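The sequence and structure are shown first.

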2 protein chains.
Amino acid sequence: MEGVVDHLAFERNKTQFDVEEMKIIWAGSRHALEVSDKMARLVASDPAFRKDDRPRLGRKELFKNTLKKTVYAWKRIIELRLSEEEASKLRSFVDQPAFTDLHWGMFIPAIKGQGTEEQQQKWLPLAQKMQIIGCYAQTELGHGSNVQGLETTATFDPKTDEFVIHSPTLTSSKWWPGGLGKVSTHAIVYARLITDGQDHGVHGFIVQLRSLDDHLPLPGITVGDIGMKFGNGAYNSMDNGVLRFDHVRIPRNQMLMRVSQVTREGKYAQSSVPRQLVYGTMVYVRQTIVSDASLAMSRAVCIATRYSAVRRQFGSKQGSLETQVIDYKTQQARLFPLLASAYAFRFVGEWLKWLYMDVMKRLQANDFSTLPEAHACTAGLKSLTTSATADGIEECRKLCGGHGYLCSSGLPELFAVYIPTCTYEGDNIVLLLQVARHLIKSISQLRSGKKPVGTTSYIGRVEQLMLYRSDVQKGITAHKKPTRYNTKWYKKC
Amino acid sequence: MEGVVDHLAFERNKTQFDVEEMKIIWAGSRHALEVSDKMARLVASDPAFRKDDRPRLGRKELFKNTLKKTVYAWKRIIELRLSEEEASKLRSFVDQPAFTDLHWGMFIPAIKGQGTEEQQQKWLPLAQKMQIIGCYAQTELGHGSNVQGLETTATFDPKTDEFVIHSPTLTSSKWWPGGLGKVSTHAIVYARLITDGQDHGVHGFIVQLRSLDDHLPLPGITVGDIGMKFGNGAYNSMDNGVLRFDHVRIPRNQMLMRVSQVTREGKYAQSSVPRQLVYGTMVYVRQTIVSDASLAMSRAVCIATRYSAVRRQFGSKQGSLETQVIDYKTQQARLFPLLASAYAFRFVGEWLKWLYMDVMKRLQANDFSTLPEAHACTAGLKSLTTSATADGIEECRKLCGGHGYLCSSGLPELFAVYIPTCTYEGDNIVLLLQVARHLIKSISQLRSGKKPVGTTSYIGRVEQLMLYRSDVQKGITAHKKPTRYNTKWYKKC
């Protein structure tokens with residue numbers, strides 16, 4: 001458009017730091033930046049990966065579109081001989097939830113983490129060549145946060161050396177697993193292990209769901225898609241599913257036996273592998289969620305910041321241009337803390353990565369001492385960063401006024417696809433209660449002389465701390481609406 | 001399901017108030033309750049009004065579905081000889097945004113409010129029989145909150161006795177009007193009135209957009225749909241549109257001339273009708289928004305409360321039932337304030353209705369004294385109730401855990417269809433600034449002896465008030481996360 005100033009160029013020219021350096025810091029390294037840039041260009045330049053039509057597709061078209069993209073991405077990864085790092089980046093730029101997320105992100109890791117050597121040798125090659133496609137069937141219609149309350153049973157039958165997988169109630173139906181509704185041939189199914197009438201709690205089992213010949217459900221299996229989810233596009237490209245078992249039999253060697261085993265005779269036993277390794281995996285998954293929070297927040301903030309620089313409203317004097325909305329304090333007070341949070345989450349994500357590696361090193365040396373604190377850190381940061389990001393995306397949408405309500409702003413789909421993060425891998429409210437419990441426990445253990453570690457080590461200085469009183473009672477919330485994540489921070493204590 | 005307790009019946013039996021009486025209070029009268037019940041049953045029992053397939057339809061199917069429902073509803077209203085009250089209730093239970101909302105809610109009222117007797121006699125019968133369909137074209141691509149900044153021009157041409165409607169820039173394109181994209185034949189277009197080179201500010205004009213023969217855009221008109229909006233179903237049933245004019249000519253008598261006129265000679269003049277009537281309309285519209293906030297909040301709270309009574313998680317002892325989540329304090333602390341808000345908004349909505357009638361009575365007697373305070377009240381309450389409701393719906397969704405993310409919970413579409421309320425009819429942040437300005441002005445006028453009226457009359461007791469100090473510094477936010485609408489409330493002052 002002639003005569004129109006490019007306001008973004010003007011704003012960018014005012015930058016007071018080295019943008020190229022900042023890109024490297026953000027990416028983590030020059031190499032990471034290069035991989036990211038290369039994959040971003042690959043996806044953006046290929047019309048097969050177009051996203052703009054996604055919001056207006058009906059469910060069926062959207063699902064077909066996802067299958068097509070997934071197959072095409074797999075083809076390109078092989079043709080271009082992409083490294084695993086590159087392939088993973090490519091998938092993240094394709095940015096359309098698909099059954100492959102669960103296949104690569106949950107099914108394969110579960111076999112790696114909980115399967116024996118033998119089980120890994122049998123199942124991993126099949127999965128890695130995608131000759132079988134797997135999902136992760138834990139949550140049930142009536143059971144989410146309380147995993148110990150799962151009702152599906154896996155009863156050992158010593159006569160045939162098999163487990164009988166069964167859904168005894170309506171509430172025991174598996175509900176939510178991504179990739180289950182239409183695509184997966186196999187699932188890791190979590191069920192109560194019962195041997196000789198005794199309940200040993202929840203364990204994982206590899207269960208085939210559909211025929212490898214005609215893809216029809218196997219006898220005793222009822223499976224389907226649970227329907228539409230929040231938003232345009234978003235998770236509707238995923239076939240989240242429902243699954244019921246009517247006395248489905250699987251061989252004994254399909255129980256994941258790295259940590260616990262059932263013998264031919266039906267005897268239940270623990271292996272020498274420490275159970276705590278499972279918590280290590282949890283720390284890993286939540287650490288990636290914190291990193292992803294930073295990515296989602298930065299996308300939303302980027303859109304809202306550019307809009308705020310271009311959009312003008314009020315404040316004009318007789319025909320001159322109106323004021324850029326980014327120059328209004330009401331806009332700045334809402335936008336800039338979110339911009340800062342995107343960076344903060346990026347850096348705390350890096351720290352969590354270090355924490356995970358440190359914990360794993362210790363676990364391998366049978367040192368479990370830092371695990372509770374690491375668990376509390378990741379639980380707390382998962383809750384804090386995902387809640388702040390979900391709220392932040394919606395705030396960015398509002399900062400774009402009416403335009404944020406259009407899918408073409410990118411914000412509605414970003415919100416809809418992001419918000420489940422507040423619920424999955426630990427409901428944010430439940431996680432905060434766990435953090436609180438850890439803190440209270442740390443304090444109550446002080447009497448017995450147990451020193452708190454890591455981020456909680458400051459509690460060890462409790463007697464000194466009690467001498468201080470906060471002097472920030474006045475004014476701390478005066479300039480800005482309190483939000484979930486800043487009300488409890490004090491400058492000193 | 002056998003053996004499963006009906007937990008809702010159990011909870012309902014514990015009620016300590018007269019439910020039938022409460023229904024009447026909520027509806028406003030026994031008559032209103034009966035009309036509401038009758039229309040609700042009519043819509044719920046007619047498969048033509050089914051809603052469950054809405055989220056999974058592609059845009060085109062959804063739009064066709066809306067046209068079909070709209071035509072069918074119109075047919076039923078005539079067949080059943082429904083009163084205007086019944087027809088309006090029926091439309092609200094059909095609950096699918098459509099071009100008719102703007103036709104009945106904005107186009108016709110604008111002609112009634114701003115048109116002369118002669119204009120009303122010509123246009124209203126056409127509109128009321130739906131021989132023409134109208135929309136309301138105010139907002140432009142570059143101009144929302146600042147209505148005075150609109151760029152579309154209406155230049156009087158004395159040679160032909162016509163106005164020339166023109167879009168001089170890209171940012172002057174009309175953007176957002178519902179019903180514009182595909183359906184409307186006419187629009188009320190807001191444009192800068194220019195006579196003899198002089199700009200008289202923004203005025204309304206009736207402009208025909210499409211042929212009544214073949215529905216094609218008339219010469220000089222470029223019109224289209226602006227694309228997908230937030231969420232499944234939701235506002236995607238509406239054809240929000242874009243509109244550009246290339247020197248489109250309309251007869252002089254299509255300027256809405258109740259308040260201002262342009263004579264045959266091109267002279268601009270004000271009529272004796274007070275301009276303040278426009279503010280009366282604004283009070284009316286915002287008053288209905290507050291009532292609607294209560295309805296939306298109550299739907300969300302109803303879903304979340306029922307879910308909380310049925311859902312059980314944790315707390316079981318050896319095979320007994322788990323605890324109903326409604327019995328957890330963390331659930332109660334989030335849910336119950338929203339339940340209370342739904343009632344509070346219902347009652348403050350009734351009060352605003354009274355305020356509107358009081359203001360109108362005064363305006364007709366040329367008494368403008370209470371208008372600024374009434375304007376501030378409705379602006380503030382519109383902002384407060386819609387922000388709280390938008391946040392409240394999302395909170396209710398989270399209170400339903402993973403299940404809230406499914407469209408079958410009803411919450412995702414309720415959120416998506418509700419949130420534009422925070423932006424339209426006055427952006428909530430801008431409105432709060434207007435309230436603040438009114439309060440500051442009221443205080444600054446105290447010196448000149450001007451007494452604040454209505455809800456601000458307490459400011460007149462400023463000297464007494466200054467003697468008090470709040471004693472609630474401690475503990476007020478301890479039991480509950482502060483939200484936008486409760487941080488500034490103090491029990492005493």
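## Interfaces within and between chains

Across the interface of domain 2 of chain A and domain 3 of chain A, the rule finds zero salt bridges, a salt bridge being a side-chain nitrogen of Lys or Arg within 4 Å of a carboxyl oxygen of Asp or Glu. One residue pair is in polar contact across that interface, both residues at pLDDT 80 or more. A polar contact is a pair of N or O atoms within 3.5 Å; within protein, one must be able to donate a hydrogen and the other to accept it, and residues adjacent in sequence count only if both atoms are side-chain atoms. By class, the side of domain 2 of chain A that touches domain 3 of chain A has three nonpolar, four polar and one charged residues. Here Ala, Val, Leu, Ile, Met, Phe, Trp, Tyr, Cys and Pro count as nonpolar, Asp, Glu, Lys and Arg as charged, and the others, Gly among them, as polar.

The model is predicted: local features need pLDDT of at least 70, side-chain atom pairs count only at pLDDT 80 or more, and totals for chains, interfaces and linings use all residues. Residues are numbered from 1 along each chain as its sequence is written, chains are lettered from A and ligands numbered from 1 in the order in which they are written, and side-chain values use heavy atoms, with hydrogens and water left out.

The domain assignment of chain A gives domain 1 (26-96), domain 2 (132-270) and domain 3 (277-465), with bounds from an automatic or database assignment. The contact between domain 2 and domain 3 of chain A takes eight residues from domain 2 and eleven residues from domain 3, where contact means heavy atoms within 4.5 Å. The centres of these two domains, taken over C-alpha atoms, are separated by 33 Å.

The table gives the buried area, which is the accessible area (1.4 Å probe) that two parts lose on being put together, summed over both.

| Parts | Buried area | Share on carbon and sulfur atoms |
|---|---|---|
| Domain 2 of chain A and domain 3 of chain A | about 710 Å² | 71% |
| Chain A and chain B | about 4800 Å² | 61% |

In chain A, A:Met228, A:Phe230 and A:Tyr405 lose the most area to chain B, together 17% of what that side buries.

Between the chains, 56 residues of chain A are in contact with 56 residues of chain B. The count there is two salt bridges; the side chains of A:Asp391 and B:Lys398 meet in a salt bridge with an N to O distance of 3.7 Å. Residue pairs in polar contact number 28 between chain A and chain B, both residues at pLDDT 80 or more. By class, the side of chain A that touches chain B has 24 nonpolar, 18 polar and 14 charged residues.

A rotation of 180 degrees with 0.0 Å of shift along its axis superposes chain A on chain B, with RMSD 0.1 Å, by least squares on the C-alpha atoms of residues with pLDDT of at least 70 in both. The two copies are therefore related as by a two-fold rotation axis.
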